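Biologist: I would like to learn how to read a structure like this one. Can we take it feature by feature?

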Amino acid sequence: MKAILFSALLGLSGLIDAATYTVTPADNWKTRIQTLAAGDTMIFTAGTYPISGKFGVNFPGTASAPIVVRGETGAKIVRSVPDQNLMDIGTGSYFTIENIDFQGGSRGLRFGESGPISYATIRNNKVHGTQTTAITFNQPNNNYDNIKIIGNEIYDTGATESECLYMGCNQNGCTTSNSLIEGNFCHDTLQATSGSLGSGIQVKT
């Protein structure tokens with residue numbers, strides 16, 4: 001009985017710790033997104049959220065306490081100079097990024113720089129105006145599992161490589177499994193007209 005009660009209290013503690021944060025461009029939103037914990041939700045209100053310098057986040061969600069990062073209509077995260085990726089998601093599990101307009105960067109969203117990515121949903125975003133590929137899940141020696149990329153619009157990619165999405169690696173350099181790519185609108189991959197790495201979506205297992 002004591003063991004059952006202890007488990008129940010742990011579950012209640014997890015619920016109590018989860019929080020919802022609503023931010024504006026005037027808030028310290030960069031620190032907030034970098035410190036999200038399991039169960040947290042972060043909502044970007046309408047407005048432009050500029051990024052400069054290297055910017056990375058981790059999303060340590062769990063099956064019972066996922067992390068959600070969501071934009072209200074008109075929320076834009078923008079990097080005006082493509083000297084870094086727009087945002088690096090280093091590692092994470094059980095998280096969702098949805099309804100945000102991502103603009104600019106070398107790459108747009110790079111996943112898995114520092115560790116595996118699993119149970120991630122990237123849904124109903126815009127990613128555009130990138131210097132190279134817009135969304136990448138292709139860090140060497142990494143594992144990507146249960147990734148869902150659904151309903152995004154990706155466009156105006158690349159002054160060099162210009163894929164909308166690159167998932168997986170050549171010659172089994174990283175692994176991708178149990179994942180879904182569905183209903184995305186990929187258009188105006190700029191290098192497609194010049195014959196150099198302008199494919200819309202590349203998938204390698």
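Modeller: Gladly. Keep in mind that this is a predicted model. Start with strand S6 (residues 75-79): four of its five residues are buried, so the strand is largely enclosed by the rest of the structure.

Biologist: Which strands pair with S6, and in which sense, parallel or antiparallel?

Modeller: Strand S3 (residues 47-50) pairs with S6 in the parallel sense, over four bridges. Within that pairing, Gly 47 has Ala 75 of S6 as its bridge partner. Strand S8 (residues 101-104) also runs parallel to S6, joined by four bridges.

Biologist: Next, the nonpolar core. How many residues does the largest one have?

Modeller: The general idea comes before the count. In soluble globular proteins, nonpolar side chains tend to be buried together. Here the largest nonpolar core has 40 residues. Those with the most contacts inside it are Phe 44, Phe 59, Ile 77, Phe 95, Phe 111 and Phe 137. Strand S7 (residues 87-98) gives the most to this core, with four residues.

Biologist: What does Phe 59 touch, leaving out residues up to four places away in sequence?

Modeller: Its contacts include Ile 33, Leu 36, Ile 67, Val 69 and Ile 89. Phe 59 also touches Thr 91, Gly 92, Ser 93, Phe 95 and Ile 97.

Biologist: Now the cysteines. How many disulfides does a search of the whole structure find?

Modeller: A disulfide is a covalent bond between the sulfur atoms of two cysteines. The search finds two. In one, Cys 164 and Cys 186 have their sulfur atoms 2.0 Å apart. This pair links distant parts of the chain, 22 residues apart. Cys 164 lies in the loop between strand S14 (153-157) and strand S15 (165-167), while Cys 186 is in strand S18 (residues 185-189).

Biologist: Why is the disulfide of Cys 164 and Cys 186 called right-handed?

Modeller: Read the torsion about the S-S bond. For Cys 164 and Cys 186 it is about 85°, so the disulfide is right-handed.

Biologist: Are Cys 164 and Cys 186 buried or partly exposed?

Modeller: The cut-off for buried is under 20% relative accessible area. Cys 164 is at 0%, so Cys 164 counts as buried. Cys 186 has 25%, so Cys 186 is partly exposed.

Biologist: What about the disulfide of Cys 169 and Cys 174?

Modeller: Their sulfur atoms are 2.0 Å apart. The S-S torsion is about 100°, so this disulfide is right-handed. Cys 169 is buried at 9% relative accessible area, and Cys 174 is buried at 1%.

Biologist: What is the pairing, with the bonded cysteines numbered in sequence order?

Modeller: The pairing is 1-4, 2-3.

Methods: Residues numbered from 1 in each chain as written. Predicted model: local features only at pLDDT ≥ 70, side-chain atom pairs only at ≥ 80, totals over all residues. Heavy atoms only, no water. Disulfide = S-S within 2.5 Å. Helix = DSSP H or I, 4+ residues; strand = E, 2+ residues; numbered from the N terminus. Buried < 20%, exposed > 50% of the residue type's maximum accessible area, 1.4 Å probe, protein only. Core = buried A, V, L, I, M, F, W, Y, C linked by side-chain atoms within 4.5 Å. Contact = heavy atoms within 4.5 Å. Pairing = 2+ DSSP bridges.
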